[in-house]
Amino acid sequence: MSRMGMGRSGYLTEEEQKNKPKVTGALLKRVFSYLTPYWKQLLLTLGCILITSILRIYPSVLTGRIIDEGLIGRDLRALVTLIVLSLLVTIGAELIGILESYLNSWIAQHITFDMRNAMYKHLSRMSQRFFTTSSQGEIITRMTSDIGGVQSVITGTFTSILSNSITLIVAIVAMFRKNPYLALLGMVIVPLFTIPTRKAGKTRWNLTRQSQAMNDEINGILNETLSVSGQLLVKLFGREEAEYQKYEKVNRQMVDLNVKESMAGRWFRLILSVLTSIGPMLLYLVGGILMMKYDQDLTVGDITVLVALLSRMYGPVNSLLNIQVEWIRSMALFTRIFEYYDMPVEVENDPHAVKPTRRALGEVEFRHVSFSYEENRPILKNIHFSLKSGDCVAIVGPSGSGKSTIVNLIPRLYDVKSGAVVFDGVDVRKLDLHYLRENIGIVTQETYLFNGSIRDNLLYAKPEATEEELWDALRKANIADFVEAQESGLDTMVGNRGLKLSGGEKQRISIARVLLKNPALLIFDEATSALDSISESKIQEAIVPLTKSRTSILIAHRLSTILSADEILVVQDGKIVERGRHQDLVKAGGVYTELYETQFKIQE
Ligand code: ATP
């Protein structure tokens, strides 16, 4: 018995029952808004569905004439003509069916294409907070399987509702035209016999789910007790007998359940075959009585047609009963996707944002800034300082004091809770986001290089950069020698996340990348992790001259970096506790003196 596709069966699980989406007019409107751009194709599909549904029923109607005119009327010509006609109709229906499938999958693919793009665009605008708090797995699931699910909703659910409803209506109309009494009888028979089979199906489905759960339990026991470390534990604690008892118990339960399940399947099939054969028999019986006793205008052919139409109705009725479940699932799917679409983009470009045309100076001012990542856990408290064009400040302080957080606020990775961050005299929230970020270059602690060549990584900052510009940046970042020494030079592949390079090399490449961007403000978050002293001095040699020639902020952990700054800000617990120049701060006997004694002096 196949356990595949359990989740997609015609019954809702308890969890799905609990999380039933609220289907509102607004939700439906929104779903259909994705369909409207394709209304022409949809209309055409609808036409195809209509035609195929009618054509597929038509041969059943023709059987009546084959019997009455051809067989009973003993007319060979009519017989052959009707058979050929029936064949042609079937072929025609299938041909149009192909067109319908094509249109269907075309529409579904285009709608998912639109939704994926919209989702990607939306997600890429989300703030840093979103990416640090939501799991990557979930983001990818939304992008791939949820939006992929939309496709099956369109090709499956929507189409199935349409084609089954049409088939059903056509069948009922055809039956009524033959004989209203028998048609009415048919309409009673079909649901009467479909609903019990659904009940039986549900029982079996429940059993299958139970045995699936039990199977998981058995697998758990096997994994725990028959693995290398598990069996060691069992042996050392002498638990063999107890574990065996546990295993034997579930194993026995599994036996009972499996027998029940297969018998339920057997009963199910019995009910199904009895019910489906009762329907036609009833029609023959009532039809016969009407024909013989009440002299109704009924032929043998008519009754055969009615029976054929009846058997055509079970499928659609069953599907339509399942549709409710499919529908709930589809709506849940759309609700989930829309929830993602509706997540607010925290950091947004102000509609009236200013975009200065002159070259930025890179001046920064923090005006009484407070900030927290989470409610009630303040990280920055009343940070107040300013940085003039061409100057360099060093931010120092214990780990976790909020140094990186301060610089994250400048390119608006997050927005302040109170106060303001001002760039070149304008509140960053009023500046064009693209302009702001274009003018800020950050070398983060953890450098991120993507899988590609050194050249690819550099060009990311400035796609039109010339060879000379690339080498110039590499020289300034003190990494040109290394790149030159590589066999493939600039085309050396850096590996996944740049893992083929050492930490120091990676950081210098990312310095070169930032230099190509030529930002007005340079922010350098010095790595806390230990680099060897040669790597470290190479980075120092690169970074110190850069700070002389442009506005810069250094989050510093090394004395030589700190010494190159015009002002030092000492941050502790999210507050600036001291500020000034090195010599004065060392003498002051405060937090900086302590940092100097414990960390920097050793480096000296
Ligand atoms: P280090 O020198 O170790 O890099 P830091 O001074 O730069 O430390 P920050 O990274 O600014 O410190 O972190 C300050 C505080 O904010 C820490 O307590 C940290 O746990 C918290 N924090 C940092 N990032 C987040 C985040 N995305 N969500 C919640 N809390 C965060």
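Student: Which side chain meets that of Lys178 in a salt bridge?

Tutor: A salt bridge is a side-chain nitrogen of Lys or Arg within 4 Å of a carboxyl oxygen of Asp or Glu. Here the partner of Lys178 is Asp302, at 3.6 Å from N to O. Asp302 belongs to helix H10 and Lys178 to helix H6, so the bridge ties together parts that are 124 residues apart in sequence. Helices (H or I, at least four residues) and strands (E, at least two) are DSSP runs, numbered from the N terminus.

Student: What kind of model is this, and how are its residues numbered?

Tutor: This is a predicted model, in which local features need pLDDT of at least 70, side-chain atom pairs count only at pLDDT 80 or more, and totals for chains, interfaces and linings use all residues. Residues are numbered from 1 along each chain as its sequence is written, and side-chain values use heavy atoms, with hydrogens and water left out.

Student: Are Asp302 and Lys178 buried or partly exposed?

Tutor: Buried means under 20% relative accessible area, exposed over 50%, and partly exposed in between (1.4 Å probe, protein chains only). Asp302 has a relative accessible area of 12% and is buried, whereas Lys178, with 29%, is partly exposed.

Student: How many salt bridges does a search of the whole structure find?

Tutor: The search finds 20 salt bridges. One of them joins Arg129 to Glu346, with the closest N and O atoms 2.9 Å apart. This pair links distant parts of the chain, 217 residues apart: Arg129 is in helix H5 (residues 128–133), and Glu346 is in the loop between helix H10 (300–342) and strand E1 (364–372). Arg129 counts as buried at 16% relative accessibility, while Glu346 counts as partly exposed at 41%.

Student: Which residues touch the most other members of the largest nonpolar core?

Tutor: In soluble globular proteins, nonpolar side chains tend to be buried together. A nonpolar core is a set of buried Ala, Val, Leu, Ile, Met, Phe, Trp, Tyr and Cys residues joined through side-chain atoms within 4.5 Å. The largest one here has 44 residues, and Val396, Leu458, Leu474, Val483, Ile511 and Tyr592 touch the most other members. Helix H16 (residues 503–517) supplies the largest share of this core, 6 residues. A second, separate core of 35 residues includes Val369, Val428, Leu431 and Leu436.

Student: What does Val483 touch?

Tutor: Contact means heavy atoms within 4.5 Å. Leaving aside residues up to four places away in sequence, Val483 touches Ile454, Trp471, Leu474, Gly489, Leu490 and Ile509.

Student: Which residues of helix H14 are buried?

Tutor: Within helix H14 (residues 467–476), the residues Leu470, Trp471, Ala473 and Leu474 are buried. They lie on the same side of H14, because they cover an arc of only 160° around the axis; the arc is that of the directions from the helix axis to the C-beta atoms. The cover over these buried residues includes helix H13 (454–459), helix H15 (480–485) and H16.

Student: What is the phi of Asn478, the residue mentioned after H14?

Tutor: Most residues other than glycine have a negative phi, and most peptide bonds are trans. Asn478, which follows H14, has a positive phi, near 65°. His368 also has a positive phi, near 45°; this residue lies in strand E1 and is partly exposed at 45% relative accessibility. Asp424 has a positive phi near 50°. Asp424 is in the loop between strand E4 (418–423) and strand E5 (426–427), and is buried at 14% relative accessible area.

Student: Is Trp267 buried or exposed?

Tutor: Trp267, in helix H9 (residues 240–292), is exposed, with a relative accessible area of 54%.
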